[in-house]
Amino acid sequence: MAIRVQFEGNNSAGVFSLLTNAYSLVPVASTENFFSIFESELSDAIPVVHATIGGCRIVGSLCVGNRHGLLVPNSTTDQELQHLRNSLPDSVKVKRVEERLSALGNVVSCNDYVGLIHPDLDRETEEILSDVLHIEVFRQTVADNVLVGTYSMFSNRGGLVHPKTKMEEQDELSSLLQVPIVAGSVNRGSEVIGAGLVVNDWCAFCGVDTTSAEISVIESIFKLNESKQSSIVGELRSTTIESTT
(Lines give C-alpha, C1' and ligand atoms only; values in the text may rest on other atoms or scores of the structure.)
Protein backbone atom coordinates (compact mmCIF):
# COMPACT_ATOMS: atom_id res chain seq x y z
CA MET A 1 0.00 0.00 0.00
CA ALA A 2 1.00 3.66 -0.36
CA ILE A 3 1.34 5.64 2.87
CA ARG A 4 1.35 9.44 3.17
CA VAL A 5 4.24 10.91 5.17
CA GLN A 6 5.75 14.29 5.94
CA PHE A 7 9.26 15.10 7.12
CA GLU A 8 9.21 18.14 9.43
CA GLY A 9 6.48 19.78 7.35
CA ASN A 10 8.02 18.81 4.00
CA ASN A 11 6.24 16.53 1.51
CA SER A 12 9.40 15.44 -0.33
CA ALA A 13 9.51 11.84 0.92
CA GLY A 14 11.99 10.86 -1.82
CA VAL A 15 14.42 13.63 -0.88
CA PHE A 16 14.64 12.58 2.77
CA SER A 17 14.50 8.77 2.48
CA LEU A 18 15.67 5.79 0.45
CA LEU A 19 13.69 2.56 0.19
CA THR A 20 14.84 -0.76 -1.30
CA ASN A 21 13.84 -4.42 -0.92
CA ALA A 22 16.69 -4.98 1.57
CA TYR A 23 16.85 -1.80 3.69
CA SER A 24 15.56 1.76 4.14
CA LEU A 25 17.45 4.93 5.05
CA VAL A 26 15.84 7.85 6.88
CA PRO A 27 17.51 11.01 8.22
CA VAL A 28 18.29 11.90 11.80
CA ALA A 29 15.48 14.25 12.90
CA SER A 30 14.38 16.34 15.87
CA THR A 31 11.29 14.12 16.19
CA GLU A 32 10.84 10.42 15.43
CA ASN A 33 7.48 10.70 13.60
CA PHE A 34 8.93 10.10 10.12
CA PHE A 35 11.14 7.23 11.30
CA SER A 36 8.35 5.58 13.30
CA ILE A 37 5.99 5.45 10.27
CA PHE A 38 8.70 3.73 8.21
CA GLU A 39 9.60 1.40 11.05
CA SER A 40 5.99 0.35 11.76
CA GLU A 41 5.50 -0.61 8.09
CA LEU A 42 8.91 -2.12 7.34
CA SER A 43 10.68 -3.37 10.47
CA ASP A 44 9.24 -6.90 10.21
CA ALA A 45 10.91 -7.30 6.81
CA ILE A 46 13.91 -4.94 6.50
CA PRO A 47 16.05 -2.65 8.70
CA VAL A 48 15.20 1.06 8.84
CA VAL A 49 18.47 2.95 9.41
CA HIS A 50 19.07 6.52 10.60
CA ALA A 51 21.69 8.18 8.40
CA THR A 52 23.27 11.45 7.31
CA ILE A 53 25.46 12.03 4.25
CA GLY A 54 28.17 14.65 4.67
CA GLY A 55 26.15 15.95 7.61
CA CYS A 56 23.10 16.46 5.35
CA ARG A 57 19.68 14.91 5.90
CA ILE A 58 18.67 14.69 2.21
CA VAL A 59 19.72 11.04 2.05
CA GLY A 60 17.31 10.19 -0.80
CA SER A 61 18.77 12.84 -3.11
CA LEU A 62 22.40 12.04 -2.30
CA CYS A 63 22.40 8.20 -2.38
CA VAL A 64 21.33 5.52 -4.80
CA GLY A 65 20.81 1.86 -3.96
CA ASN A 66 18.95 -1.40 -4.38
CA ARG A 67 18.95 -4.76 -2.57
CA HIS A 68 22.49 -5.49 -3.78
CA GLY A 69 24.27 -2.30 -2.78
CA LEU A 70 24.37 1.38 -1.87
CA LEU A 71 26.41 4.15 -3.50
CA VAL A 72 27.13 7.32 -1.55
CA PRO A 73 28.88 10.54 -2.70
CA ASN A 74 32.41 11.60 -1.85
CA SER A 75 31.09 14.05 0.78
CA THR A 76 30.19 11.06 3.01
CA THR A 77 32.46 10.99 6.07
CA ASP A 78 34.39 7.88 7.15
CA GLN A 79 32.21 7.71 10.28
CA GLU A 80 28.97 7.85 8.24
CA LEU A 81 30.29 5.20 5.85
CA GLN A 82 31.22 2.88 8.73
CA HIS A 83 27.80 3.40 10.36
CA LEU A 84 26.06 2.39 7.09
CA ARG A 85 28.25 -0.71 6.71
CA ASN A 86 27.55 -1.73 10.31
CA SER A 87 23.80 -1.13 10.04
CA LEU A 88 22.93 -2.63 6.65
CA PRO A 89 22.65 -6.37 5.88
CA ASP A 90 25.96 -8.12 5.05
CA SER A 91 24.73 -8.83 1.52
CA VAL A 92 24.55 -5.08 0.77
CA LYS A 93 27.81 -3.62 -0.57
CA VAL A 94 28.37 0.06 0.40
CA LYS A 95 30.72 2.15 -1.75
CA ARG A 96 31.73 5.81 -1.80
CA VAL A 97 32.17 7.27 -5.31
CA GLU A 98 34.02 10.26 -6.76
CA GLU A 99 31.43 11.85 -9.03
CA ARG A 100 31.01 15.45 -10.18
CA LEU A 101 27.20 14.96 -10.24
CA SER A 102 27.23 14.20 -6.53
CA ALA A 103 23.45 14.11 -5.88
CA LEU A 104 23.35 10.46 -6.98
CA GLY A 105 19.66 10.00 -6.17
CA ASN A 106 18.79 12.75 -8.67
CA VAL A 107 20.93 11.41 -11.53
CA VAL A 108 20.25 7.66 -11.23
CA SER A 109 16.96 5.75 -11.08
CA CYS A 110 17.06 1.98 -10.70
CA ASN A 111 15.48 -1.21 -9.45
CA ASP A 112 17.28 -4.49 -8.65
CA TYR A 113 18.06 -5.25 -12.31
CA VAL A 114 18.18 -2.12 -14.50
CA GLY A 115 19.10 1.55 -14.08
CA LEU A 116 18.67 4.82 -15.96
CA ILE A 117 21.47 7.36 -15.58
CA HIS A 118 22.14 11.02 -16.42
CA PRO A 119 23.71 11.23 -19.92
CA ASP A 120 26.80 13.05 -18.53
CA LEU A 121 27.58 10.66 -15.65
CA ASP A 122 31.25 9.56 -15.51
CA ARG A 123 32.14 6.27 -17.21
CA GLU A 124 33.82 5.12 -14.01
CA THR A 125 30.64 5.78 -12.01
CA GLU A 126 28.65 3.85 -14.62
CA GLU A 127 30.96 0.85 -14.16
CA ILE A 128 30.71 1.10 -10.35
CA LEU A 129 26.89 1.20 -10.61
CA SER A 130 26.90 -1.98 -12.70
CA ASP A 131 29.37 -3.70 -10.40
CA VAL A 132 27.96 -2.74 -6.97
CA LEU A 133 24.23 -2.66 -7.73
CA HIS A 134 24.34 -5.57 -10.25
CA ILE A 135 22.31 -3.60 -12.80
CA GLU A 136 22.34 -3.03 -16.53
CA VAL A 137 22.75 0.71 -17.11
CA PHE A 138 21.24 2.99 -19.81
CA ARG A 139 22.04 6.69 -20.41
CA GLN A 140 18.61 8.24 -20.75
CA THR A 141 16.37 11.28 -20.27
CA VAL A 142 12.79 11.35 -18.95
CA ALA A 143 10.50 13.81 -20.79
CA ASP A 144 13.69 15.62 -21.97
CA ASN A 145 14.93 15.97 -18.36
CA VAL A 146 18.45 14.72 -17.63
CA LEU A 147 17.70 14.30 -13.89
CA VAL A 148 16.27 10.82 -14.31
CA GLY A 149 16.21 10.14 -10.56
CA THR A 150 14.17 13.28 -9.89
CA TYR A 151 11.54 12.62 -12.56
CA SER A 152 11.01 8.86 -12.28
CA MET A 153 10.66 6.02 -9.77
CA PHE A 154 10.97 2.30 -10.49
CA SER A 155 10.55 -0.97 -8.64
CA ASN A 156 10.82 -4.53 -9.94
CA ARG A 157 7.07 -4.43 -10.61
CA GLY A 158 6.46 -1.09 -12.34
CA GLY A 159 7.48 2.52 -12.88
CA LEU A 160 6.06 6.05 -12.59
CA VAL A 161 7.48 8.87 -14.74
CA HIS A 162 7.07 12.63 -15.37
CA PRO A 163 3.45 13.43 -16.39
CA LYS A 164 4.56 14.91 -19.75
CA THR A 165 6.40 11.75 -20.85
CA LYS A 166 5.13 10.83 -24.33
CA MET A 167 3.61 7.41 -25.02
CA GLU A 168 6.50 6.41 -27.34
CA GLU A 169 9.00 7.25 -24.60
CA GLN A 170 6.96 5.32 -22.01
CA ASP A 171 7.01 2.30 -24.33
CA GLU A 172 10.79 2.67 -24.83
CA LEU A 173 11.41 2.90 -21.07
CA SER A 174 9.11 -0.06 -20.48
CA SER A 175 11.08 -2.21 -22.94
CA LEU A 176 14.43 -1.13 -21.40
CA LEU A 177 13.30 -1.78 -17.83
CA GLN A 178 11.03 -4.76 -18.58
CA VAL A 179 8.29 -3.39 -16.31
CA PRO A 180 5.04 -1.51 -17.07
CA ILE A 181 5.43 2.30 -17.06
CA VAL A 182 2.83 5.03 -16.57
CA ALA A 183 3.07 8.84 -16.53
CA GLY A 184 1.72 10.45 -13.37
CA SER A 185 2.29 12.85 -10.51
CA VAL A 186 2.56 13.04 -6.71
CA ASN A 187 1.75 15.67 -4.08
CA ARG A 188 -1.24 17.12 -5.93
CA GLY A 189 0.22 17.48 -9.41
CA SER A 190 3.96 17.66 -8.69
CA GLU A 191 6.15 16.48 -11.59
CA VAL A 192 9.13 15.60 -9.38
CA ILE A 193 8.19 11.94 -8.90
CA GLY A 194 11.52 10.83 -7.41
CA ALA A 195 11.46 13.68 -4.87
CA GLY A 196 7.93 12.94 -3.67
CA LEU A 197 7.86 9.14 -3.61
CA VAL A 198 9.86 6.09 -2.50
CA VAL A 199 8.79 2.56 -3.33
CA ASN A 200 9.88 -1.08 -3.14
CA ASP A 201 8.11 -4.27 -4.23
CA TRP A 202 5.47 -4.18 -1.49
CA CYS A 203 5.25 -0.67 -0.03
CA ALA A 204 5.38 3.02 -0.99
CA PHE A 205 5.66 6.31 0.91
CA CYS A 206 4.56 9.62 -0.61
CA GLY A 207 3.96 13.21 0.56
CA VAL A 208 0.79 14.03 2.50
CA ASP A 209 -0.52 16.23 -0.34
CA THR A 210 -0.73 13.21 -2.66
CA THR A 211 -4.37 12.85 -3.76
CA SER A 212 -6.39 9.65 -3.60
CA ALA A 213 -6.38 9.54 -7.43
CA GLU A 214 -2.55 9.75 -7.45
CA ILE A 215 -2.33 7.06 -4.77
CA SER A 216 -4.62 4.85 -6.83
CA VAL A 217 -2.24 5.16 -9.82
CA ILE A 218 0.79 4.46 -7.58
CA GLU A 219 -0.80 1.35 -6.02
CA SER A 220 -1.90 0.11 -9.43
CA ILE A 221 1.36 0.53 -11.42
CA PHE A 222 3.58 -0.79 -8.60
CA LYS A 223 1.09 -3.63 -7.90
CA LEU A 224 1.15 -2.81 -4.19
CA ASN A 225 -2.30 -4.19 -3.41
CA GLU A 226 -1.35 -7.48 -5.07
CA SER A 227 1.66 -7.72 -2.74
CA LYS A 228 -0.58 -7.14 0.25
CA GLN A 229 -3.11 -9.71 -0.95
CA SER A 230 -0.43 -12.33 -1.63
CA SER A 231 1.07 -11.83 1.85
CA ILE A 232 -2.43 -12.15 3.41
CA VAL A 233 -3.07 -15.32 1.37
CA GLY A 234 0.33 -16.64 2.50
CA GLU A 235 -0.52 -15.96 6.16
CA LEU A 236 -3.93 -17.60 5.80
CA ARG A 237 -2.34 -20.64 4.15
CA SER A 238 0.23 -21.06 6.90
CA THR A 239 -2.45 -20.61 9.58
CA THR A 240 -4.64 -23.23 7.86
CA ILE A 241 -1.73 -25.66 7.62
CA GLU A 242 -0.88 -25.14 11.29
CA SER A 243 -4.50 -25.69 12.34
CA THR A 244 -4.79 -28.92 10.35
CA THR A 245 -1.50 -30.42 11.58
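## A walk through a predicted structure

At 16% relative accessibility, A143 counts as buried, since the cut-off for that word is under 20%. Keep in mind as you explore that this is a predicted model.

**Positive phi angles**

A143 lies in the loop that links β10 (136-139) to β11 (152-154). Its phi is positive, about 50°, although A143 is not a glycine. The loop between β10 and β11 also holds D144, another non-glycine residue with a positive phi, near 65°. Is D144 buried or exposed? D144 counts as exposed, because its relative accessibility is 69%.

In α2 (33-42), the residues F34, F35, F38 and L42 are buried. Looking down the axis of α2, you would find its buried residues within an arc of 95°, so they line one face of the helix. Turned away from that buried side is a face of α2 with the exposed residues N33 and S40.

Helix α6 covers residues 123-133, and its buried residues are T125, E126, I128, L129, V132 and L133. These fall within an arc of 160° when seen down the axis of α6, so they too line one face of their helix. On the other side of α6, you can find R123, E124 and E127 exposed. What do the buried residues of α6 pack against? Their partners are the strands β5 (64-65), β6 (69-73), β7 (93-97), β8, β9 and β10.

In soluble globular proteins, nonpolar side chains tend to be buried together. Here, the largest nonpolar core has 19 residues, and the members that touch the most others are V5, F34, F38, L42 and F205. Two or more residues of this core come from each of β1 (2-5), α1 (13-16) and α2. Helix α2 gives the largest share, four residues. A second, separate core has 17 residues, including Y23, L81, L84 and V92.

Leaving out residues up to four places away in sequence, V5 touches N11, A13, F34, I37, F38, F205, C206, G207 and V208.

**A buried aspartate**

D112 sits in the loop between β8 (108-110) and β9 (114-117). Its relative accessible area is 4%, so D112 is buried. Which side chain does D112 join in a polar contact of 2.8 Å? The partner is the side chain of N156. Not counting residues up to four places away in sequence, D112 touches N21, N66, R67, H68, L133, H134, I135 and N156.

**Cysteines without a bond**

How many disulfides does a search of the whole structure find? The search finds zero. For C56, the closest cysteine sulfur is that of C63, 11 Å away, which is too far for a bond. C110 is in no disulfide either, with the nearest cysteine sulfur, again that of C63, 12 Å away. C56 is partly exposed because its relative accessible area is 36%, while C110 counts as buried at 11%.

**Accessibility at a glance**

Here are the residues discussed above with their relative accessibility.

| Residue | Relative accessibility | Class |
|---|---|---|
| A143 | 16% | buried |
| D144 | 69% | exposed |
| D112 | 4% | buried |
| C56 | 36% | partly exposed |
| C110 | 11% | buried |

Conventions: Residues are numbered from 1 along each chain as its sequence is written. This is a predicted model: local features need pLDDT of at least 70, side-chain atom pairs count only at pLDDT 80 or more; totals for chains, interfaces and linings use all residues. Side-chain values use heavy atoms; hydrogens and water are left out. Buried means under 20% relative accessible area, exposed over 50%, partly exposed in between (1.4 Å probe, protein chains only). A polar contact is a pair of N or O atoms within 3.5 Å; within protein, one must be able to donate a hydrogen and the other to accept it, and residues adjacent in sequence count only if both atoms are side-chain atoms. Contact means heavy atoms within 4.5 Å. A nonpolar core is a set of buried Ala, Val, Leu, Ile, Met, Phe, Trp, Tyr and Cys residues joined through side-chain atoms within 4.5 Å. A disulfide is a pair of cysteine sulfur atoms within 2.5 Å. The arc is that of the directions from the helix axis to the C-beta atoms.
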